[in-house]
Amino acid sequence: MTQHDRLLIIDFGSQVTQLIARRLRELKVYCEIHPYQNVTDAFLAEFSPRAVIFSGGPCSVFDEGAPMPPRSVFDLGVPILGICYGQQAMMQMLGGKVERGHKTAEFGRAYVVPKDGKLDLLNGWFEDEREQVWMSHGDHVSEIAPGFEVYGTSPNAPFAITADPSRHFYAVQFHPEVHHTPNGRKLYENFIRIAGFTGDWTMGAYREDAIAKIREQVGDKRVICGLSGGVDSSVAAVLIHEAIGDQLTCVFVDHGLLRLNEADEVVSMFRDHYNIPLIHADESKLFLGELEGQSDPETKRKIIGRLFIDVFQKHANEIEGAEFLAQGTLYPDVIESVSFSGGPSVTIKSHHNVGGLPEKMGLKLVEPLRELFKDEVRALGRELGLPEKFIGRHPFPGPGLAIRCPGEITRDKLDILRQADAVYIDQIRKHGLYDEIWQAFVAILPVRTVGVMGDGRTYDYACALRAVTSVDGMTADYYPFSHDFLGETATRIINEVKGINRVTYDITSKPPGTIEWE
Ligand code: XMP
């Protein structure tokens, strides 16, 4: 059990609860997320938090059996911050009122302006008169609880920021944890300062802890690690190698859904940089065969997830004493499939790392990055001394090009997609934009359009370019390429890639879109 001061996040099922933990870890605060069902009076007494945060959530306080924290949380005498649904739950329990939303529902950007009165939580806020915040609520508070005052309002949320400073209870309608509340970090900084945290939780501490945990879990058994060449699996492999040395064997599965020349690059890159045994499994026939005729996104993901596990098991059987399968599963993979620790959030996508796992697989999982966000994985990679070349790579999803080929997957479409993607990334690199972008790729659309080239008619595929900025993959904005760049890229793709005659640019943010197309 950790010696650090602890902050408790009570999870009501928000898609972004993990980001609260993320923000707190940036501030070097040790915190744990627990679904509200597990937080009982006895749990609170045992956990003994220095502060508590109520997350947002998809429920309404009007729902039957609406999730609530135990009343005793308000008697702990520690600071409490309620966010979105957490704010509404807090208000209702302390004697305020909540109203059903409909007309006042708010999703996306909003601006909060201050009300009279100074609040310690708001140090460093409102220097520019108003603050941009990210709202995502249906219901809203209509009457604040006794003892509370209003410190900030937005057009659709008159009680955007409320507090009872004497008890250090704070409640906000927006999400300070997301990237699109640019000054949200300040609120957390103030909150933990008020609670008296010293900031003693670091990536170095995480590394030591993770290594000790891997050694304890694995003992003298062998581990196989699914290596994709991406940041996550590379960091996982190096971390596990540091923990257990040559008890680790890496397996690189080529599912036929990789980008141009990727398989060769990954294998040679890994062999150049590491001294870890690597099996190169070319299983493209198997994967593409089973995917034939499938067009439903969840079915595709589940097939790929299942085959990955089968292939690993096959190779594991050849490695004597292999009992563990290591994966670079991250927090976002976990949150969007099931909520942390079985909490109540809604399924958006089955990520291949966790979706489709057979009930009774013969291997136990080692997932040392399961609690980290992408940028934390990069920080851990640097801590472990990985070359910048690995660390700077854009994320590439486990199901690969399958989820960039909406509808049915054919070899033909995959080949066209690979060529187009290579041209696009080449353009981005040539213009010096690669490192500014979180992720960029082409999706080939399941639609053909009419064009004219030379004197002839064409009837070829349309494709969409995607490029987003993000810090953690949980929220994202489209990248604002210049029209010149887009025009030049479209021309190059259409001229250089046979099979594409129309190029579009995807300008959807996340939410409401997701980064990948499926
Ligand atoms: P979405 O599309 O959900 O993607 O906004 C968020 C981030 O996750 C990546 N992604 C995956 N990564 N297995 C992975 O390892 C998956 O099944 C998977 N699906 C999406 C995506 O590329 C983006 O970086």
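Predicted model: local features only at pLDDT ≥ 70, side-chain atom pairs only at ≥ 80, totals over all residues.

Guide: Elsewhere, Trp125 and Phe174 form a stacked aromatic pair, with 5.8 Å from centre to centre and 15 degrees between the planes. Trp125 belongs to the loop between strand 6 (106–114) and strand 7 (131–137), and Phe174 to the loop between strand 11 and helix 4 (184–195), so this pair ties together parts that are 49 residues apart in sequence. Trp125 has a relative accessibility of 5% and therefore counts as buried; Phe174, at 0%, likewise counts as buried.

The count of aromatic pairs comes to 16. Among them is the pair of Phe74 and Phe169, which is edge-to-face, with 5.6 Å centre to centre and 65 degrees between the planes. This pair links distant parts of the chain, 95 residues apart: Phe74 is in the loop between strand 3 (51–54) and strand 4 (80–83), whereas Phe169 is in strand 11 (residues 169–172). Phe74 and Phe169 also belong to one aromatic cluster, together with Phe12, Tyr36, Phe54 and Tyr85.

Charged side chains meet aromatic rings as well. Arg130 lies over the face of Tyr111, at 3.7 Å from the ring centre. In Arg259, the charged end sits over the ring of Phe396, 3.8 Å from the centre of that ring.

Glu283 lies in the loop between strand 14 (278–282) and helix 8 (284–291). Its relative accessible area is 12%, and because this is under 20%, Glu283 is buried. The side chains of Glu283 and Lys314 are joined by a polar contact of 2.7 Å. Not counting residues up to four places away in sequence, Glu283 touches Asp254, Val311, Lys314 and His315.

Another loop, between strand 12 (222–226) and helix 6 (231–244), holds Ser228. Gly230 is also found in the loop between strand 12 and helix 6. A polar atom of the Ser228 side chain lies 3.1 Å from the backbone nitrogen of Gly230. Ser228 counts as partly exposed, at 38% relative accessibility, whereas Gly230 is buried, with a relative accessible area of 15%. Leaving aside neighbours within four places in sequence, Ser228 is in contact with Ser233, Phe252 and Val266. In the unreviewed UniProt entry, the annotation "binding site" covers Ser228, Gly229, Gly230, Val231, Asp232, Ser233 and Ser234.

Key. Residues numbered from 1 in each chain as written. Heavy atoms only, no water. Helix = DSSP H or I, 4+ residues; strand = E, 2+ residues; numbered from the N terminus. Buried < 20%, exposed > 50% of the residue type's maximum accessible area, 1.4 Å probe, protein only. Polar contact = N/O pair within 3.5 Å; in protein donor to acceptor, adjacent residues only side chain to side chain. Contact = heavy atoms within 4.5 Å. UniProt positions renumbered as here; feature names shortened; annotations may be inferred. Phe/Tyr/Trp six-rings, centres within 6.5 Å; stacked < 30°, edge-to-face > 60°. Lys NZ or Arg CZ within 6 Å of the ring centre and 35° of its normal.
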